[in-house]
Amino acid sequence: MSAEATTDERASILLVDDMEDNLIALEAVLGSLNEPLVRARSGEEAMKALLRQRFAVVLLDIRMPGMDGFETAANIKRLDQTKDVPIIFLTGTDADAGYAFRGYATGAADYLTKPFDPWVLRAKVTVFLDLHRKNQQLERMLAREQEHFDELANRLKKIEVHMAASSLQDVFELRHQVRQMEELLRDMRRGRGI
């Protein structure tokens, strides 16, 4: 995690595999990223975890009893709350050649075969963690911007009401309020780099 990342920017990673050894291997490879790692032993557990909290990325085994990886991915992509969570499919080397195509068609962002190169997996996950943090920063920036626009709209409404009931003596107060709004607009433009 970068030095500038705050606790609000911590990005959980969902590990979905029915095999304990595979989960342990994933935790060993990804533990150095210092992000929360959440386990799920089935597609059903994965869906419950995704509905409880936000994840930066899902590492999803294809072959699992019950709801397999493809069904789980389809369910993830079907829900508004989870549809934008990137999925990296993981599968054994003896997997059918059509698995990759089916994985991408289901909405996977990437596809790796086991045994995977730990450096490659860590690099791919790091990209999704960075994207997740950038999205969170953008959401916070847009929320702050919306607050500024709401404040500006409220001030304009007050000026409109004040002008409707005012005399010429109130012109100085109105000019002061307009200057405050101009300062707010300048601050907003600086924040957007305009």
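The questions and answers below take up the terms one at a time.

Tutor: This is a predicted model, in which local features need pLDDT of at least 70, side-chain atom pairs count only at pLDDT 80 or more, and totals for chains, interfaces and linings use all residues. Residues are numbered from 1 along each chain as its sequence is written, and side-chain values use heavy atoms, with hydrogens and water left out.

Student: What makes up the chain, and in which order do the elements run?

Tutor: The chain holds six helices and five strands, where a helix is a DSSP run of H or I with at least four residues, a strand is a run of E with at least two, and the numbering starts from the N terminus. Read from the N terminus, the order is β-α-β-α-β-α-β-α-β-α-α. Among contacts between residues at least 6 apart in sequence, 62% join residues at least 24 apart, a contact being heavy atoms within 4.5 Å.

Student: Why is Asp61 called buried?

Tutor: The word buried is used under 20% relative accessible area, exposed over 50%, and partly exposed in between, with a 1.4 Å probe and protein chains only. Asp61 has a relative accessible area of 4%, so Asp61 is buried. Asp61 is part of strand 3, and, apart from residues up to four places away in sequence, Asp61 touches Val16, Asp17, Asp18, Gly69, Leu90, Thr91 and Lys114. UniProt, in an unreviewed entry, lists Asp61 for "modified residue: 4-aspartylphosphate", and such annotations may be inferred rather than shown by experiment.

Student: How do you know whether Thr91 is buried or exposed?

Tutor: Thr91 has 1% relative accessibility, and therefore counts as buried. Thr91 belongs to strand 4, and beyond its neighbours within four places in sequence its contacts are Asp61, Ile62, Tyr99, Tyr111, Leu112, Thr113 and Lys114. Of the 194 residues of the chain, 38% count as buried.

Student: What makes a group of residues a nonpolar core, and which members of the largest one touch the most other members?

Tutor: A nonpolar core is a set of buried Ala, Val, Leu, Ile, Met, Phe, Trp, Tyr and Cys residues joined through side-chain atoms within 4.5 Å. The largest such core has 21 residues, of which Leu14, Val16, Leu50, Val58, Leu60 and Phe89 touch the most other members. Two or more residues each come from strand 1 (12-16), helix 2 (43-52), strand 3 (55-61), helix 3 (69-78) and strand 4 (87-92), and helix 2 gives the largest share, four residues. A second, separate core has 19 residues, including Leu30, Val57, Leu59 and Phe116.

Student: Why does Leu30 count as buried?

Tutor: Leu30, in helix 1 (residues 20-30), has 0% relative accessibility, and so Leu30 counts as buried. Leaving out neighbours within four places in sequence, Leu30 is in contact with Ile13, Leu15, Leu37, Leu59, Leu121, Arg122 and Val125.

Student: Why is Trp119 called exposed?

Tutor: Trp119, which is found in helix 5, has a relative accessible area of 64%, and is therefore exposed. The C-alpha atoms of Trp119 and Val29 are separated by 8.1 Å, although these residues are 90 residues apart along the chain.

Student: Why is Asn34 called partly exposed, and what is its phi?

Tutor: Asn34 has a relative accessible area of 49%, so Asn34 is partly exposed. Asn34 sits in the loop between helix 1 and strand 2 (37-40), and its phi is positive, about 55 degrees, although Asn34 is not a glycine. Most residues other than glycine have a negative phi, and most peptide bonds are trans.

Student: How do you know what kind of peptide bond joins Lys114 to Pro115?

Tutor: The omega from Lys114 to Pro115 is near -5 degrees, and the bond is cis. Pro115 lies in the loop between strand 5 (110-114) and helix 5.

Student: UniProt places the feature "coiled-coil region" at residues 135-162; how much of that span is helix?

Tutor: The feature comes from an unreviewed entry, and in the model the span is 100% helix and 0% strand, with its end C-alpha atoms 40 Å apart.
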